[in-house]
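Here is a two-chain protein model to read alongside its sequence. Keep the 3D view open and find each residue as it comes up.

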Amino acid sequence: MPENKSSISVKNLSKTYDHTFKAVDDISFEVPAGSIFAFLGPNGAGKTTTIKMLTTLVHPTSGSITIDGMDPTRDPHGVRQSFGIVFQDPSLDDELTAYENMFFHAGLYGVPRGETAAKIKDLLEFVELWDRKDNLVKTFSGGMKRRLEIARGLLHTPAVLFLDEPTTGLDPQTRNYIWTYIKKLNEERGLTVFFTTHYMEEAERSAKHVAIIDHGKIIASDTPANIIKSASAANLEDAFIKLTGRKIREEEAGSVDHLRTMARAWGRR
Amino acid sequence: MKTNTLYAIYILWLRQLKRYFRSKSRILGSLGQPILFLVALGFGLNSVFAASGQGNYIQFLAPGIIAMSILFTAIFSGIEIIWDRQFGFLKEVLVAPVSRFTIMFGRTLGGATVASLQGLLTLIIATVIGFRPDLWLVLPAIVFMILIALVFTALGTAIASTLEDMQGFQLIMNFVVMPVFFLSGSLFPLNTAPAVLQWIAIFNPLFYGVDGMRAVLIGASHFSAWTDATVLVCISAVFLGIGSWLFSKIRA
Ligand SMILES: Nc1ncnc2c1ncn2[C@@H]1O[C@H](COP(=O)(O)OP(=O)(O)O)[C@@H](O)[C@H]1O
Ligand SMILES: [Mg+2]
């Protein structure tokens, strides 16, 4: 296997929905192994679509991707083994306990059975949820769920961790807490981290490299300091606004809330 | 690193069971309908049935009601994929290094196990209400219960894979589940029914399940138990095939 300095390599990647709408439009970037990379952009810019293509959930319309030396379109199995992910939307089973969510993940990823219990304990302690391990996830706060998702994403010791808006909707304490973990993981285990966020100070503080995407195109890609400098801005938030404009992008309303109500009325959840 | 496919199937199976045993209200709730049918129809129509020379109605009805509770639970289990999609858990499963067929197969086995258990519970209740099967023939009856469960969990999965959300669910209840139940000969003997109904039943998988159970439990049936079992095995293989093909196209 050729030695690859880039953990993630993307060339001319595009995704067209319904034959006309270009959600991601010819983007290219490299994420060096062991670095933290921030992927920023307004709502609807194409961040999640990009992550879905990198993580085998969506097939690219054109372009090429390499994750940890493998191509998600040709070797989805290999790629799936090599990354962990925290999705933008919740992805835990609410009806299971924290421990069970971890245990099932280990089973699906073929974590050696002899190691599973110790690893789960290690990670649940790491995100400070060990004392809540036997509680149903539906009793958890948003921050606890997020921490559990991070722990779960790390259970099969991936080389790359994808985090899609991991801190949206959390209070500053919890956000700070989560970033402490992520940085520690990056420093201690050499984990490559690819994340999106709407909190610019998170990117400014934690990322070595930032790419800004808008309307499916990358409009800036550099170190945070260089982006601020070339936009002659005071900070990254200022630079972000200058680059992407002041117009507000609407967040699409999910049907999940409606469904939750329905499901509850049915007594199924 | 290689993923142990069998273990992944076990894990997906286990998840369905854990969720089932955890929702006590669901277990009890879905027993209400079979009890109502058994009591209201079983006792209500017993004299009419006997007067027309068909024997004891509860004996005749019980296998049909057991099949009904399996049918409903199985379809629900399959349909749960929609919930998994809406609540996001499906994404977690779809990014795992496990083949789509393994995922579909594991959860179908889990759903079918749950539906079979529900059928077994209904059998026990029916016995309490007055159903008297030959005890040693309960074992082959359980084989039919498992086959019915497999067929309809696979069907539920197949349908759920093509639905975006729960909006289509009412449609499925009214145009798939209910007709399958009412036109299966669960409630009335088909040999005295109009030819049209007999013809429809021939194309109804549930008919073979009910008929098979009656063959072994009360010794009265349209086809032989072997014919019924063979047909059910074939249908479940076909539905599993269609289900995994549709599931492999599912997008989180
Ligand atoms: N499955 C889909 N079909 C059609 N359009 C989609 C689909 N998924 C996303 N989009 C559209 O693609 C654009 C980018 O979405 P997304 O990648 O989720 O943006 P972001 O994560 O940056 O907020 C949005 O306009 C969104 O509406
Ligand atoms: Mg997004």
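The report below takes up a strand, a single residue, the interface between the chains, and the salt bridges.

This is a predicted model, in which local features need pLDDT of at least 70 and side-chain atom pairs count only at pLDDT 80 or more, while totals for chains, interfaces and linings use all residues. Residues are numbered from 1 along each chain as its sequence is written, chains are lettered from A and ligands numbered from 1 in the order in which they are written, and side-chain values use heavy atoms, with hydrogens and water left out.

## Strand β1 of chain A

Begin with strand β1 of chain A, residues 6-17. Helices (H or I, at least four residues) and strands (E, at least two) are DSSP runs, numbered from the N terminus. Nine of the 12 residues of β1(A) are buried, so the strand is largely enclosed by the rest of the structure. Buried means under 20% relative accessible area, exposed means over 50%, and partly exposed lies in between (1.4 Å probe, protein chains only).

Which strands pair with β1(A)? Two strands pair if DSSP finds at least two bridges between them. One partner is strand β2 of chain A, residues 21-32, which pairs with β1(A) in the antiparallel sense over eight bridges. Within this pair, T16(A) stands opposite K22(A).

Another partner is strand β4 of chain A, residues 62-67. It runs antiparallel to β1(A), and five bridges join the two. Here V10(A) stands opposite I65(A).

## A closer look at E30(A)

E30(A) sits in strand β2 of chain A.

Contact means heavy atoms within 4.5 Å. Leaving aside neighbours within four places in sequence, E30(A) is in contact with S6(A), I8(A), S9(A), K11(A) and F37(A). Two of these contacts are also polar contacts between side chains: S6(A) at 2.6 Å and S9(A) at 3.1 Å. A polar contact is a pair of N or O atoms within 3.5 Å; within protein, one must be able to donate a hydrogen and the other to accept it, and residues adjacent in sequence count only if both atoms are side-chain atoms.

## Where the chains meet

How much area do chain B and chain A bury between them? The figure is about 3800 Å², with 62% of it on carbon and sulfur atoms. Buried area is the accessible area (1.4 Å probe) that two parts lose on being put together, summed over both. The contact takes 36 residues from chain B and 38 residues from chain A.

Across this interface the rule finds nine residue pairs in polar contact, both residues at pLDDT 80 or more. On chain B, helices α1 (5-22), α2 (24-44), α4 (57-86) and α5 (89-94) each supply at least two residues of the side that touches chain A. The most comes from α1(B), with nine residues. By class, that side of chain B has 19 nonpolar, six polar and 11 charged residues. Ala, Val, Leu, Ile, Met, Phe, Trp, Tyr, Cys and Pro count as nonpolar, Asp, Glu, Lys and Arg as charged, and the others, Gly among them, as polar.

## Salt bridges

Side chains of opposite charge can pair when their charged atoms come close. A salt bridge is a side-chain nitrogen of Lys or Arg within 4 Å of a carboxyl oxygen of Asp or Glu. Five of the salt bridges found by the rule cross the interface of chain B and chain A. The table gives some examples.

| Pair | N to O distance |
|---|---|
| D93(A) and R15(B) | 2.5 Å |
| R15(B) and D84(B) | 2.9 Å |
| D134(A) and K133(A) | 3.1 Å |
| E80(B) and R26(B) | 3.6 Å |

D134(A) is exposed, with a relative accessible area of 55%. R15(B) is buried at 4%, and D84(B) is buried at 2%.

The side chains of R15(B) and D84(B) meet in a salt bridge. R15(B) lies in helix α1 and D84(B) in helix α4 of chain B, so the pair ties together parts that are 69 residues apart in sequence.

The side chains of E80(B) and R26(B) also meet in a salt bridge. This pair links distant parts of the chain, with E80(B) in helix α4 and R26(B) in helix α2 of chain B, 54 residues apart. E80(B) is buried at 8%, and R26(B) is buried at 16%. Salt bridges that share partners join D93(A), R15(B), R19(B), R26(B), E80(B), D84(B) and R107(B) into one network.
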